[in-house]
Amino acid sequence: MTSPLRTTTLDVPPTRLAALGKDARSLSFWAENAAPVGLVLLVIVFAILSPSFLTLGNIQAMLIAAAILVILAVAQAFVITTGGIDLSISATMTLGAVGFGLAWQAGFGFWLSALVAILAAGVVGLANGLLIATGKVTDFIATLGTLSVATGLALILTQGKPISFTSPELLRLTSGSLGIFGFPFLIAVVIAVVFGIVMFRTRFGLHVQAVGGSEEAAVANGINASRVRIAVYVLAAVLAGVASILLVARIGAAEPAINTQYLLNSIAAVVLGGVALTGGRGKIVGPVLGALLLTALSNGLTLVGVSQFYQPLAVGLVVVLAALLTRFQKK
């Protein structure tokens, strides 16, 4: 007599593609990946609309143009991870550029002028940190105030006139390249990699995320939240100082007028990159891709002949959409 056949059900793990398809059906997937998905879509759309978009020369120009925004986005990502925001970052960069120009006029040479630019920017960051961490002023008001102070100082120190100069070091910085990658973009990539390591592989980065997640819990675990906040704002300002040197190299002058577009786009890049505005979840790759997306958007609109008046409108719509998507980010 033979025994009846037994059937066994095996749990077959879903394939990677099936898992991806399942994730794609949730809004949180799009919220977490808004920057890479949007960047790919933009590249496809503009490549179809303009034959010049994917030419080697245009790609190189886009990467160089994105360098300053990438650095500012990394800086802003650190601040927003703590649950704060730095509205003075563009004015800080402008003050750094003016510091560079004045030092150059005084005969300091390239390297000392670059140091003056970073120190001038760093002072603004220290003021932000002390106001917020020690003075208990809200980040919005504190950085709005230092935005005005830095803007006023830049105008007073230059009498409102740009400082023009020529420097072989600046010329090499703006025109040099390694393959298709210009030096400004390579500097931005190095900064992104280094600060990505700082964010995710160091105790300081862990403390930054802990303070943003829950300051009370962080303090209860022995973290000096005030010191972390001061350090983050100084760090962001120092990066704005580095960006100011690239800005001076790019336009060949120290312009005292603030470019608010850099401020708006640095926050937009971080939002697109999936960093939670409430703090606690740090990202570096996302904001970098967000900066590249915004640069590609601006470049593509120019190539297809859209008026510059419409470009802030397009950027604003993209940011509003990304901000809405952040509501669906995983907690």
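Which helices each supply at least two residues of the lining of the largest cavity?

1. The helices are α4 (56–81), α8 (168–175) and α12 (225–251). Helices here are DSSP runs of H or I with at least four residues, numbered from the N terminus. Please keep in mind that this is a predicted model, where local features need pLDDT of at least 70, side-chain atom pairs count only at pLDDT 80 or more, and totals for chains, interfaces and linings use all residues. Residues are numbered from 1 along each chain as its sequence is written, and side-chain values use heavy atoms, with hydrogens and water left out.

2. The count is one cavity of 30 Å³ or more. A cavity is a set of points, on a 1 Å grid over the protein atoms alone, where a 1.4 Å probe fits but cannot get out; a pocket is an open set with protein on both sides within 12 Å along at least five of seven lines; lining residues have an atom within 4 Å of a point. Volume is the space filled by probe spheres set on the points, which are joined across faces, edges and corners.

3. The largest cavity holds about 60 Å³. Its lining consists of I64, A67, I68, L173, T174, P184, L246, A249 and R250.

4. The largest pocket has about 580 Å³ of space. Of its 18 lining residues, Q261, N265, L294, S298 and Q311 lie nearest the centre. Helix α14 (285–303) is among those that supply at least two lining residues, and α14 gives the most, with five.
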